[in-house]
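Hi everyone, thanks for coming. Let's have a look at the structure together, and I'll talk you through a couple of places in it.

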Amino acid sequence: MAHHQEKPPVLINLLVCGGGNGAHVLTGLASSRHNVKVNVLSLFADEAERWRNTLGDNHFVVNFREKDGTNKIITSRPNMITNDPSRAVPGCNLVIFTVPAFAHEGYFRAIAPYLEPNTVIVGLPSQPGFQFQCCDLLGLGGRTSAIVSFESLPWACRIGTFGREVQVIGPKDTLACAIIMRGCKTLFPILPTIQYIIGKEPKLTLAANYLSINLLADSVVHPPMMYGTWKDWDGQPVAEKPLFYQGLNEFSADLLDKVSTELVHTAQAIQQKYPEMDMKDVIHLFDWYKLNYKESIQDMSNLQMAMKTCSAYDGMVHPMKETPDGKFMPDFNYRYMTEDIPFGMVVFRGIAQLEGVPTPAMDETLTWGQKILGKEFLVDGELKGKDMNMTRAPQRFHFNSLFDLVNLR
């Protein structure tokens, strides 16, 4: 197979953390590669046992739809699927997290006692604050761990039959990551090895540094849109599910524009103070759309129109719960709120606070969001609320200056 990267120089003992869509794909692809041995660790309820029982003696199947529309069937078997870190972790030299951000802490704590020096830890995706949590929770073995953070999942995918078959609807074109070496003496080249494991697409690229990955995340989009749509809601059920992107109102678009500008200002301020921190990857949301969705957008005249006329978003609606009489209530327990605020907005706000960049639009969004979630993060304009320990802001992990952040590498 000429187009495949050559296999890594040493045996890759890969630990996949998770059991959802992404973990299914990663497990199937990695297990099919030469010189890669895969252990799966799932801490969620009885997921590992269910996966083992469903798979039985069968092959695990990834049904992979390539960019050109052809389908590839990849069959393989992982070495082990377990909920026991003492069996899964020892000997692993590469650990990849494919679980939502709220679950990361549990995995960090579970693997810490068994982690060997010079391991490569990967967030796929990492979501904001991954590196801070990593440094804080991984203990001795983690001190020489390299930390790799990806901006999103490499594929759109869904499980066909849990534990048995997963479909990749399409890989992304490119995917950026940041690597912090932290003195890790790894026996394999990091990026080429991950590329070898996931296959030829998406093409993995290196972001200029890890802080730009933290300020780039998708979680900038959802909370301001939820706030803009529901801030004046009267609490009564609505007749139909409102469109999410295509229903974007002027208030929300304006707020998104402002929040995005605050992130860009934060990035610029960091680079001004530390010129070696190249922050050019952090661009305004409107520029990001022009770059990533140029084929799909009908009207590029402004951010609101670009988001409203993006065909990739056709028919996407707000997260809603149905009432007994067939009406709908907003679902504020959805990841747009429960993930994207403590593991998104609060992290952005924490980095901006260390830099002294004013963030009125973020603060307005957070003030509403924390009230809806029944949590307290922002108090009197500072991140000192009683629920800060459930977030991943740098302050929670005792990073108290920009100097601390810059020197994490």
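How many salt bridges are there between domain 1 and domain 2? The count is one. Glu105 and Arg396 form a salt bridge through their side chains, at 3.2 Å from N to O. On the side of domain 1 that touches domain 2, the elements giving two or more residues are α4 (101–111) and α5 (130–137). Sorted by class, that side of domain 1 has eight nonpolar, six polar and four charged residues.

Please keep in mind that this is a predicted model.

Now, a step back to the domains themselves. Domain 1 covers 12–207, and domain 2 covers 215–407. Their centres, taken over C-alpha atoms, are 27 Å apart. Where the domains meet, 18 residues of domain 1 are in contact with 19 residues of domain 2. The area buried between domain 1 and domain 2 comes to about 1,300 Å², and carbon and sulfur atoms give 58% of that. Across this interface there are also nine residue pairs in polar contact, with both residues at pLDDT 80 or more.

My last stop is Asn79, which you'll find in the loop between β4 (71–76) and β5 (80–82). Is Asn79 buried, partly exposed or exposed? Asn79 counts as partly exposed, because its relative accessibility is 44%. Leaving aside residues up to four places away in sequence, Asn79 touches Lys37, Val38 and Asn39. With Asn39 there is a polar contact from side chain to side chain, at 2.7 Å. As for Asp218, 139 residues separate Asn79 from it in sequence, and the C-alpha to C-alpha distance is 33 Å.

Key:
Residues are numbered from 1 along each chain as its sequence is written. This is a predicted model: local features need pLDDT of at least 70, side-chain atom pairs count only at pLDDT 80 or more; totals for chains, interfaces and linings use all residues. Side-chain values use heavy atoms; hydrogens and water are left out. Domain bounds come from an automatic or database domain assignment. Contact means heavy atoms within 4.5 Å. Buried area is the accessible area (1.4 Å probe) that two parts lose on being put together, summed over both. A salt bridge is a side-chain nitrogen of Lys or Arg within 4 Å of a carboxyl oxygen of Asp or Glu. A polar contact is a pair of N or O atoms within 3.5 Å; within protein, one must be able to donate a hydrogen and the other to accept it, and residues adjacent in sequence count only if both atoms are side-chain atoms. Helices (H or I, at least four residues) and strands (E, at least two) are DSSP runs, numbered from the N terminus. Ala, Val, Leu, Ile, Met, Phe, Trp, Tyr, Cys and Pro count as nonpolar, Asp, Glu, Lys and Arg as charged, and the others, Gly among them, as polar. Buried means under 20% relative accessible area, exposed over 50%, partly exposed in between (1.4 Å probe, protein chains only).
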